[in-house]
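Biologist: I would like to go through this model with you, starting with the ligand and then turning to the aromatic rings. Please show it first.

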Amino acid sequence: MCGFSRWGQMSERKQFRAIKGTRDILPPDSALWNWFEHTAREVFESYNFGEIRLPIFESTDLFARSVGTETDIVSKEMFTFSLSQGSEEKQADDEARQSELVSLRPEATASVCRAYIEHNMQALPGNQRLYYIGPMFRRERPQKGRYRQFYQIGAEVLGQSDASAIDSEVLEMLLVFFNRVGLTRTTLYVNSIGDKNCRPQYVELLREELRKVKDKLKEDSQRRIETNPLRVLDSKIPDEQPIIEKLPRISDHLCEDCRAHFAKLKEDLNLRRIDYKENWRLVRGLDYYTRTTFEVTAEGLGSQNAVCGGGRYDGLVELLGGPPTKGIGFAIGTDRSILSIEESGNAPKLGGLAVYIAWMGQASYPTAVNIAGKLRAAGLSVELPPEEMKFKKSLGLADKLGARYALIIGEDEVASRTFTLKRLADGDQKKLAEGELLEYLESERRR
Ligand code: HAM
């Protein structure tokens, strides 16, 4: 027997709550989430992206290799566990255990690349344009806009071309989507962080410069000088800002190809009338990026104001054992985007209860069941109380539930084969035959 019954006893009086950093999305908020995700599908599909559904956990090695062992995500934020059933000899074999370690996905670009290789997608015609929607997991310190289970909507383009027109089209698609959902008080930041031809020299130069000012930096930045000097540029510590501003900038050290790629990207963004700001310090917290990096921030979010991050990752597929492949993509943080839309007052009023059926007398129940079925089939949201209620109580509940109409069915209505429809906002009341009722409510729904 497993230990569940003992756990059960121990926690008899315990009040269960969602684990810190996770939360429930309840109605009516969930309607807003569905609408947000549905709009993303519509926009992305209009750019010929198709959905990829990915596993929630993957080999820990996959993330270590792609995101990078020195990044915060891999070094301290992954939820990792072993798939082994735990025989003692097996546990003793560290190497075998290590290879069975899996992690809840902290992001999905690595998984998309793994799937691209696994399904031999390079053999398919054209670029692969994929999007995904779902939860990600990072053991971060929870705060407003930062959760341990959070949600992303991401899009990736993989293939043979690294034309900057792909980068600008991906950015256009992102902004079309943000515009459509009313996330408009945003700023797009772009940067180029070079490639394997020019970045290593820049990183070395940066390291040398940072060593000269090491004493003036805080502990985290001091450590990063050796492990990942680019990440020092990400520091938000006020005292470090004047020092960082004087450091050499990658834009002055790009090779000819990277410089041309970035220039062409900016030209194409202008052509598409996309507003952006250049930010030479935008290096991003994942190791797989090359050349283009970008981030979108939104208002009303405090310190966690990035609603989307992304960039180019040419070479990542190859690093994971696949063929030479170029890639670019982004991930939108759904939690933060929705917070920002709500705070700006741009959230649409969605769904809600259309008709509450106030039936009285057992003789009217069959009519109530019948009409509820027809109204639901016509696409209306209908609530049919399971038990008879007093008229006043029934209408009171309809009001509290926020129903737009109460459909009153009593003995009189059954006898005259009509329905009384009451608009709850102003009390306006009509007597309608079944056909008229359906027609009226359907036209109301379309308005
Ligand atoms: P990322 O910048 O780590 O990039 O995450 C993208 C977005 O996810 C962030 O801008 C933020 O809105 C949201 N996010 C991240 N962590 C949290 C959290 N703890 N709580 C709430 N929201 C969060 C990536 O994940 C890359 N895979 C993006 C990408 C796709 N690059 C290329 N393709």
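Biologist: Which residue has a backbone N or O atom 2.8 Å from a nitrogen atom of the ligand?

Modeller: Bear in mind that this is a predicted model. A polar contact needs a pair of N or O atoms within 3.5 Å. A ligand nitrogen atom and a backbone N or O atom lie 2.8 Å apart, and the backbone atom belongs to Y147.

Biologist: How much of the ligand's accessible area does the protein cover?

Modeller: On its own, the ligand has 660 Å² of accessible area. Of this area, the protein covers 96%.

Biologist: Which element gives the largest share of the shell around the ligand?

Modeller: The ligand is surrounded by 27 residues. Strand 6 (149–159), strand 10 (306–312) and strand 11 (326–333) each give two or more residues to that shell. The largest share is 6 residues, and these come from strand 10.

Biologist: Is the aromatic pair of F44 and F330 stacked or edge-to-face?

Modeller: The ring centres of F44 and F330 are 5.9 Å apart. Planes over 60 degrees apart count as edge-to-face. The angle between these two planes is 75°, and the pair is edge-to-face.

Biologist: How many residues apart are F44 and F330?

Modeller: Both F44 and F330 are buried. F44 belongs to helix 2 and F330 to strand 11, so the pair links distant parts of the chain.

Biologist: Over the ring of which residue does the charged end of R23 sit?

Modeller: The charged end of R23 is 4.1 Å from the centre of the ring. That ring belongs to Y147.

Notes: Residues numbered from 1 in each chain as written. Predicted model: local features only at pLDDT ≥ 70, side-chain atom pairs only at ≥ 80, totals over all residues. Heavy atoms only, no water. Near = heavy atom within 4 Å. Polar contact = N/O pair within 3.5 Å; in protein donor to acceptor, adjacent residues only side chain to side chain. Areas by Shrake-Rupley, 256 points an atom, 1.4 Å probe, with all protein chains shown as cover. Helix = DSSP H or I, 4+ residues; strand = E, 2+ residues; numbered from the N terminus. Phe/Tyr/Trp six-rings, centres within 6.5 Å; stacked < 30°, edge-to-face > 60°. Buried < 20%, exposed > 50% of the residue type's maximum accessible area, 1.4 Å probe, protein only. Lys NZ or Arg CZ within 6 Å of the ring centre and 35° of its normal.
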